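Here are my notes on the model you sent over, point by point. Have it open next to you while you read.

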Amino acid sequence: MSRSAHPAGPRHADVMSEGHYLAPADDLNVLDEKVWSRTVTRDEHGAVTVGGLTVSRLAEEFGTPAYFLDEADFRARCRAWSDAFGPGADVFYAGKAFLSRAVVRWLKEEGLNLDVCSGGELATALDAGMPAERIAFHGNNKTVEEIERAVAAGVGRIVLDSFQEIVRVAHVAQSLGRRQRVQIRVTVGVEAHTHEFIATAHEDQKFGIALAGGQAAEAVRRALTLDGLELVGIHSHIGSQIFDMAGFEVSARRVVQLLAEVRDEHGVELPEIDLGGGLGIAYTSDDDPREPHEIAKSLGDIVTRECEAAGLATPRISVEPGRAIVGPTAFTLYEVGTVKPLEGLRTYVSVDGGMSDNIRTALYDAEYSVSLASRTSDAEPMLVRVVGKHCESGDIVVKDAYLPADLAPGDLIAVPATGAYCRSMASNYNHALRPPVVAVRDGEARVIVRRETEEDLLRLDVG
Ligand code: LLP
């Protein structure tokens, strides 16, 4: 699918999308490997397969809608990130993208660390056996109870997000007789080029402590005086779904400047710097994400160069990719329920899920791709909007895409790159039952998060 301006102007089937003409791909049956997980292919009958299993069989066994997660791809991405950064750096998987006990076990086996941001994520991590020292605890308003659990468990670091929290964590640590390793999250004042709801380093938002006006320096001053805290570093996360490394460059430079100021004022060289997550992935063929080794090299070079210039020893770098690890590893499989052509506009394809299993299109105007998965087709491309079954017109899964014109109820269609922030942000809107996550590997499929049932819903409704 191409969103570039059409050289000959719009053809009748093209659509204006985000200021560009969206043209159908030359062959709708071809699966662009950029947006599909690594083991996805079509079998000899044309059906999409993942880990050697066809979608029709998967749909029969597990139902639709469902997320199918390519375990081999997930593990390969973990290894790519940890190999790229090497033993001198740390990769923390951001659990908010998608967390389950199976995922925690894979992370543990692949040598990654884990970033959690709530009591629930912490509980999942600990329950599945992630060693506490490999866990970082984040969040802009951790409750005292969450802080107590994190400190008592012995998490490797807590990332402090406000002046109140500096005191709160110090108090909890002291009362438990601990000295908690902490980082301070700073706001570096970078405008990340992404949707406003997922940009986090400009001044006017809720996260972190601003470098501007000396606030972050003051936070360091306070943290260094408190017995319950061992300040080990500075943290910055500039936003999400970012492709341009320039934002990270500015961020790294400003964080290193702060490290130099801390050294000058306190005679202390903080040993760690965390540059957060936010690396973009391909949702459509137009997205061109960087490989982990390029990102690692570019971040490593920036930090080393800035530290040399400031006369500092290079600190230990950590990063927190969530989407870039899990996002590309899963697709959502839906069954087509209705196909409704609107004369002169487009065809609405209704599926058996919707905004309850993927809120990203409605919330961020996110773009997705979609393919007919249960078979191939030689029919003409048809401009579609894939919509869900919820009671509102904003219930859109894929805003503009092409599917074959012979698409019919009962066909299975798949939306790739739904591994991150889809199941983790799923809701029960209209009392929808949240879909299962099924891990597929080497010809075997197993449910890692089961489908919700009406009993689950009714159990919470205590009358
Ligand atoms: N580290 C911190 C401190 C974060 O706040 C986040 C994401 C990450 C790492 C991981 O970012 P990633 O590599 O996954 O982009 N719901 C939104 C994304 C919100 C991200 C929040 N923080 C979405 O669906 O795009």
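1. Pro416 sits in strand E21. This is a predicted model, and in it Pro416 has a relative accessibility of 1%, so the residue counts as buried.

2. Go on to Ala417, in the loop between strand E21 (412–416) and E22. Is Ala417 buried or exposed? With 1% relative accessibility, Ala417 counts as buried. The backbone deserves a look as well: phi is positive, about 65 degrees, and Ala417 is not a glycine. As background, a negative phi is what most residues other than glycine have.

3. Asp442 is another non-glycine residue with a positive phi, here about 45 degrees. You'll find Asp442 in the loop between E22 and E23. Its relative accessible area is 65%, and over 50% is the cut-off for exposed, so Asp442 goes down as exposed.

4. The loop between strand E22 (437–441) and strand E23 (444–449) also holds Gly443. Gly443 is partly exposed, at a relative accessible area of 32%. If you want a distance to check, the C-alpha atoms of Gly443 and Ile359 are 30 Å apart, with a sequence separation of 84 residues.

5. Which two residues does a cis peptide bond join? They are Thr64 and Pro65, and omega there is about -10 degrees. Pro65 belongs to the loop between helix H1 (55–62) and strand E6 (66–70). In general, most peptide bonds are trans.

6. The ligand is surrounded by 19 residues, and the closest are Ser240, Glu320, Arg360, Tyr364 and Tyr421. By type, the shell splits into six nonpolar, seven polar and six charged residues.

7. Here are some polar distances to the ligand. Glu320 has a polar side-chain atom 2.7 Å from a ligand nitrogen. For Arg360, a polar side-chain atom is 2.6 Å from a ligand oxygen. Tyr364 places an N or O atom of its side chain 2.8 Å from a nitrogen of the ligand. On its own the ligand would expose 580 Å², and 91% of that is buried by the protein.

8. Why does the ligand count as lying between two domains? Domain 1 (15–70 + 328–460) and domain 2 (138–321) both contribute residues to the shell around the ligand, so the ligand lies between them.

9. On to the packing. The largest nonpolar core has 109 residues, and the members that touch the most others are Phe74, Tyr93, Ile184 and Ile413. Helix H8 (residues 246–266) supplies the largest share of this core, eight residues. Domain 1 (15–70 + 328–460) and domain 2 (138–321) both give residues to this core, so the core lies between them. A separate core of 21 residues includes Val50, Val55, Ala282 and Leu412. As a general rule, nonpolar side chains in soluble globular proteins tend to be buried together.

10. Ser369 has a relative accessible area of 9%, and the cut-off for buried is under 20%, so Ser369 is buried. What lies 2.5 Å from a polar atom of the Ser369 side chain? The backbone oxygen of Tyr283 does.

11. Last one: Thr347, in strand E17 (residues 346–351). Thr347 is buried, with 8% relative accessible area.

Methods: Residues numbered from 1 in each chain as written. Predicted model: local features only at pLDDT ≥ 70, side-chain atom pairs only at ≥ 80, totals over all residues. Heavy atoms only, no water. Near = heavy atom within 4 Å. Polar contact = N/O pair within 3.5 Å; in protein donor to acceptor, adjacent residues only side chain to side chain. Areas by Shrake-Rupley, 256 points an atom, 1.4 Å probe, with all protein chains shown as cover. Nonpolar A, V, L, I, M, F, W, Y, C, P; charged D, E, K, R; others polar. Domains from an automatic or database assignment. Core = buried A, V, L, I, M, F, W, Y, C linked by side-chain atoms within 4.5 Å. Buried < 20%, exposed > 50% of the residue type's maximum accessible area, 1.4 Å probe, protein only. Helix = DSSP H or I, 4+ residues; strand = E, 2+ residues; numbered from the N terminus.
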